[in-house]
Amino acid sequence: MTEAPSGPSWGPEFDDRRAHDTRVPRAPHDEPEPEFEGPLFALSKAAWQVVLLTGVASFILGVLVLVWPGASLFAAGILFGVYLLISGIFQLVAAFGTHRATSLRVLAFISGALSIVLGLFCFRGPMQSILLLALWIGIGWLIRGITQTLAAIHDRTMPARGWQIFLGIVTFIAGIVLIDSPFRSVAVLTLVCGIWLVAVGVVEIVTAVRMRSHAMGVPPLERS
């Protein structure tokens, strides 16, 4: 590498010190590259919309349940009957197609046939479907409460063991109340469900508004 001679006849155009420089010079007036909106950026922009839609749906559903509790119970009973029919059909298919042991086939057949009969019983009227739904939930809570309480009593290392025992006892009592007076208990349960849906909807709408304000402040990615 030679040094540029000094003198009046030598100017900057004769300087060869940068002749072997492999770096591409950048024009002083080059415009900055456009910003790149990647998938994560698009997701952060659209997540608040999903939360907002679910919040509005939960709020509207909660209001409908509170305004028309009878119609809500009737719809829940019909859906419960459809569930029993579908599950019964699948259990009958399993009884004849999947189980090899004779005992398992017999149990699956009895369970499937009973589910179909109860499902058809739900379509006889709204009171029958509501009664079956209440008894179904009550028996489930009863079994869950007993299981949870016994598991917490025997396992001393269980986290929050006292709360687990308390929750198991409350679930057991709720199951007994629901079985003892199914119609009144289901009506109260519907009211609580409507209030809960409205509360969840309000919380999700507020969350969506806050997410939108944060998403607007997320800077887009730049192209490398």
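Helix H6 gives the most to the lining of the largest pocket, with five residues. Helices are taken here as DSSP runs of H or I with at least four residues, numbered from the N terminus. The model is a predicted one, in which local features need pLDDT of at least 70 and side-chain atom pairs count only at pLDDT 80 or more, whereas totals for chains, interfaces and linings use all residues. Residues are numbered from 1 along each chain as its sequence is written, and side-chain values use heavy atoms, with hydrogens and water left out.

The space in the largest pocket amounts to about 190 Å³, a pocket being, on a 1 Å grid over the protein atoms alone, an open set of points where a 1.4 Å probe fits, with protein on both sides within 12 Å along at least five of seven lines, and lining residues having an atom within 4 Å of a point. At least two lining residues come from each of H1 (39-67), H2 (69-97), H4 and H6 (182-216). Among the lining residues are Leu61, Leu73, Ile137, Leu189 and Cys193, and by class the lining comprises ten nonpolar, two polar and no charged residues.

Helices H4 (residues 126-154) and H5 (residues 161-180) pack with their axes 7 Å apart and at an angle of about 155°, and are therefore roughly antiparallel to each other (a class for angles over 145 degrees). Their contact includes 17 nonpolar, eight polar and two charged residues.

Four aromatic pairs are present in the structure, pairing requiring ring centres within 6.5 Å. The ring centres of Phe80 and Trp136 lie 5.4 Å apart and the ring planes stand at 70°, so this pair is edge-to-face (planes over 60 degrees apart). Because Phe80 belongs to helix H2 and Trp136 to helix H4, the pair ties together parts that are 56 residues apart in sequence.

Conventions
Axes are lines fitted to C-alpha atoms, for helices over the stretch in contact, and angles run from 0 to 180 degrees between N-to-C directions. Angles under 35 degrees count as roughly parallel, over 145 as roughly antiparallel, 65 to 115 as roughly perpendicular and the rest as oblique. Ala, Val, Leu, Ile, Met, Phe, Trp, Tyr, Cys and Pro count as nonpolar, Asp, Glu, Lys and Arg as charged, and the others, Gly among them, as polar. Grid points are joined across faces, edges and corners, and a volume is the space filled by probe spheres set on the points. Rings of Phe, Tyr and Trp (its six-membered ring) pair if their centres lie within 6.5 Å; planes under 30 degrees apart count as stacked, over 60 as edge-to-face and the rest as tilted.
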